[in-house]
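Here is a short tour of a protein model, written for someone who likes to check the geometry alongside the text. Have the viewer open and follow along.

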Amino acid sequence: MSKRIGLVAAAVAVPAALVLIGVGIGRAVEHTPSPASAQAGKAAQAGKAGKAERRDAAVKNLDDPAKKEIAMKLVSSAENSSLDWRAQFKYIEDIDDGRGYTAGIIGFCSGTGDMLELVEYYTQVKPGNVLAKYLPALREVNGSDSHDGLDPNFTKDWKTAAQDETFQDAQEHERDRVYFDPSVKQGKSDGLGALGQFIYYDAIVMHGPGDSKYSFGGIRKTALSKAKPPAQGGDEKTYLNAFLDARKKAMRSEEAHSDTSRVDTEQRKFLNEGNLGLEPPLKWKVYGDPFEIRALA
């Protein structure tokens, strides 16, 4: 999956974390502190509270709702040149990458099986839907780039289905089941923070699950041969750099994915900044297009 639609990136406001400062109640003392001393004490308390808040933010995982929203916007910036990931339920086209039709919020493909599983799930929860009649064709074209049995009306019917909230829910369900939940679970197991979990997620979205050389499992195996993750006593930044090195090699193995800017000017940028918690404000570029997620003051 690669860049799809050239849309203008819009800055998105994300609420900033509120720092709460507790007020302690102590016993009266013989000497009343001077105003300057009291002010200094309050400043020290505020500093400690601020540090604690930043530590709390840093350990939030990618399945935190605010972090998950950031993850979806980051992926959409690379997949659709837009931060508006919810506008992509209706997206569908053949991007000539050998995977047939690519569609929806995560790039479900007719040639890789995840589109078939999506339509099967949609039909399970809503029998007789507009896409159900394509199930035999989707089974036939799985593993190829063929459109046999899908053309000429599949793309039109996909867009019709995308107006159905049940189909939108089905896309999110399959995104989480196949891609988001497994990558976050593995990231947590490896001792990674929100950024590392996102790096895993973006990799599994593009390369798919599995253990082949250039699948997510293969990329992780290559990284593990170069560095240890935090769960094994390794340094997080060193390990993630090794993973991104392996990811770039996997991307360059396919012409459709040879532009590695989503690694170079997005994920590696956050890593070099030390933003392991994936905390906004975030500024990055994909395919040369600038994007930003800002925190409110």
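## Overall picture

Of the 297 residues in the protein chain, 46% count as buried. Please keep in mind that this is a predicted model. The protein chain holds 10 helices and six strands. Among its contacts between residues at least 6 apart in sequence, 62% join residues at least 24 apart.

## Confidence along the chain

The mean pLDDT of the protein chain is 85, and 79% of the residues reach 70 or more. Over residues 1-35 the pLDDT stays under 50, and the model has 69 contacts beyond four places in sequence for this stretch. Residues 46-58 also have a pLDDT below 50. Beyond near neighbours in sequence, the model gives residues 46-58 11 contacts.

## The three-stranded sheet

Which strands make up the open sheet, and in what order? There are three of them, arranged as β2-β3-β4 with antiparallel pairing. The edges are taken by β2 (92-94) and β4 (108-109), each with a single partner strand, so one side of each has no neighbour in the sheet.

Strand β3 (residues 101-103) is joined to β4 by two bridges, and these strands run antiparallel.

## The β5-β6 hairpin

Strand β5 (residues 282-286) pairs with strand β6 (residues 289-295) in the antiparallel sense, over five bridges. Val286 stands opposite Asp289 in β6. Two residues lie between the strands of this hairpin, and Tyr287 takes a positive phi near 55°.

In a regular strand the side chains alternate between the two faces of the sheet. In β5, Leu282, Trp284 and Val286 make up the covered face, while Lys283 and Lys285 make up the uncovered one.

## Aromatic pairs

How many aromatic pairs does a search of the whole structure find? The search finds 12. One of them joins Tyr134 and Phe154: the ring centres are 4.9 Å apart and the planes stand at 75°, above the 60° cut-off, so the pair is edge-to-face. Tyr134 lies in the loop between α3 (114-125) and α4 (135-141), whereas Phe154 belongs to helix α5 (residues 154-161), so the pair ties together parts that are 20 residues apart in sequence. Are these two residues buried or exposed? Both Tyr134 and Phe154 are buried.

Phe180 and Tyr201 form another edge-to-face pair, with 5.1 Å from centre to centre and 80° between the planes. Phe180 is in helix α6 (residues 165-189) and Tyr201 is in helix α7 (residues 194-207), so this pair links parts 21 residues apart in sequence. Phe180 and Tyr201 are both buried.

## A cluster and a charge over a ring

Tyr134 and Phe154 also belong to one aromatic cluster, together with Tyr101, Tyr122, Trp158 and Phe167. Turning back to Phe180, you will find Lys68 over the face of its ring, at 4.6 Å from the ring centre.

Technical notes:
Residues numbered from 1 in each chain as written. Heavy atoms only, no water. Buried < 20%, exposed > 50% of the residue type's maximum accessible area, 1.4 Å probe, protein only. Helix = DSSP H or I, 4+ residues; strand = E, 2+ residues; numbered from the N terminus. Pairing = 2+ DSSP bridges. pLDDT = per-residue confidence, 0-100. Contact = heavy atoms within 4.5 Å. Phe/Tyr/Trp six-rings, centres within 6.5 Å; stacked < 30°, edge-to-face > 60°. Lys NZ or Arg CZ within 6 Å of the ring centre and 35° of its normal.
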